[in-house]
Amino acid sequence: MASPPAPDPAVSNYTTAVHRSCPKRNRHCWSNLPPDLLQIVFERLGFTDFKRAKSVCTSWESASRKSQPKNQIPWLILFPKDNNYGLLFNPEEQGKLYKTQDLGDDFAKSFCVGAYRSWLLMLDPQYRDCANPLYNLYILDLLTRERSTLPTLESEFGLIPPVFWVDEKTKDYLVIGMFDEENVVSFKKGDNSWKQVHELSGIGECFNIVYKDHKLYCLGYCKLKIFDFSTDKPVKVFKISVRGYILILLRCPGRMPQNIPLTRMKNNVVVTLSGDVLIVTSIRQGGSKIWNFEIYKMDSSKGNKWEQKFSIGNEAILLDLGITVLAEDIGGIKKNSIYFNATDYDDQHDENDVFIFSLDTKKVEQPHQSVCSSVPGSNARWFLPSFKRE
């Protein structure tokens, strides 16, 4: 007869700790689990399970203050038409929608033009006349309803979707708006008005910007330029040619059929978790839902040359945020995929058409279709919720 297996040291140590800390009459006293063990458990939990676990008892609530749940799980917010609330969807919980509190009367007529953590940059458009639109912007925290109203912007030029950053502890923020190559403005907490960013004047044609880790990435048809905003005055720290890696329909007639008038395309700059810079080019032909994506990575080991990539491994691209998130072993998030919004390409799509493009299968699917279709006429956007220690 085989001898019983040797006890696992980790299990033995854990059992001993429980026995020492709990009365003999109740050896399953969960409220007296060792704090270091509770911290390990809390840090493996997603947002919903974290909130549930911290409400078990006072000792668990106390232990949760020293932990933070996984905060790289993107959520989806839906904007029901003409309503002053949003609907939140956590991919870890299939088929459930959470309604936010009242977010203000102006929320129903505003458009989301940017996101940073749980903060949204909202645009309430008004028009003095057709040639001079007014851009009324405000920053709103989805979870706490905190908001900051920015001064009105007026320009005859179209506004590239602004980017912004918020310090979760101090609530300092920075918003950068770009109208054209000569009109780049910024507004930060404490300012009285928008300020011209003279260091960025004359940067050349730019159609896509991303802000991450105090750096502004400006993508144009000819060059990618990077500016460091960690000091009082931004400094250009890098530039590189992107010729040949940016889709330009009129200049590249051989890359796609010319008899399809509704061809849509887009070029985005994306910054990965490790700080690598990607160019993601995308194209949709005609009125179909057939998409194709190409990814190019700047390779510093080869003299800052661009190299085509066919996989991003265990990460997922959130295209409208210009970042990647870790997707391995995270429920509801598909690795080696691109999350994007069809309304960025074609106004004929339903407003809540959010898609996932798999780099493995080269196919597109609509995530959580039952959830999105339950809120017709709603815009949608991915964001990364902030998990604050309370």
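Contact here means heavy atoms within 4.5 Å. The model under study is predicted.

**Exercise 1. Describe the overall make-up of the protein.**

Step 1. The secondary structure consists of five helices and 26 strands.

Step 2. Of the 390 residues in the protein, 46% are buried.

Step 3. Among contacts with a separation of 6 or more, 44% are between residues 24 or more positions apart.

Step 4. The accessible surface amounts to about 20400 Å², and carbon and sulfur atoms contribute 50% of that area.

**Exercise 2. Determine how many disulfides the structure holds, and examine Cys206.**

Step 1. A disulfide is a covalent bond between the sulfur atoms of two cysteines. The cut-off applied to a pair of cysteine sulfur atoms is within 2.5 Å.

Step 2. Cys206 is in no disulfide, and the nearest cysteine sulfur, which belongs to Cys218, is 4.5 Å away.

Step 3. Is Cys206 buried or exposed? Buried means under 20% relative accessible area. Cys206 has 12% relative accessibility and therefore counts as buried. Cys222, with a relative accessible area of 30%, is partly exposed.

**Exercise 3. Locate Asp228 and list its surroundings.**

Step 1. Asp228 belongs to strand E15 (residues 223-228).

Step 2. Although Asp228 and His214 are 14 residues apart in sequence, their C-alpha atoms are 6.1 Å apart in space.

Step 3. Leaving out residues up to four places away in sequence, Asp228 touches His214, Lys215, Lys233, Pro234, Val235 and Val237.

Step 4. The side chains of Asp228 and Ser230 are joined by a polar contact of 2.8 Å.

**Exercise 4. Decide where Thr272 lies and which residues it contacts.**

Step 1. Thr272 is in the loop between strand E17 (264-271) and strand E18 (277-284).

Step 2. With 7% relative accessibility, Thr272 counts as buried.

Step 3. Apart from neighbours within four places in sequence, Thr272 is in contact with Lys212, Leu278, Glu315 and Thr324.

How values were computed: Residues are numbered from 1 along each chain as its sequence is written. This is a predicted model: local features need pLDDT of at least 70, side-chain atom pairs count only at pLDDT 80 or more; totals for chains, interfaces and linings use all residues. Side-chain values use heavy atoms; hydrogens and water are left out. Buried means under 20% relative accessible area, exposed over 50%, partly exposed in between (1.4 Å probe, protein chains only). Helices (H or I, at least four residues) and strands (E, at least two) are DSSP runs, numbered from the N terminus. Accessible areas come from the Shrake-Rupley method with a 1.4 Å probe; for residues, only the protein chains shown count as cover. A polar contact is a pair of N or O atoms within 3.5 Å; within protein, one must be able to donate a hydrogen and the other to accept it, and residues adjacent in sequence count only if both atoms are side-chain atoms.
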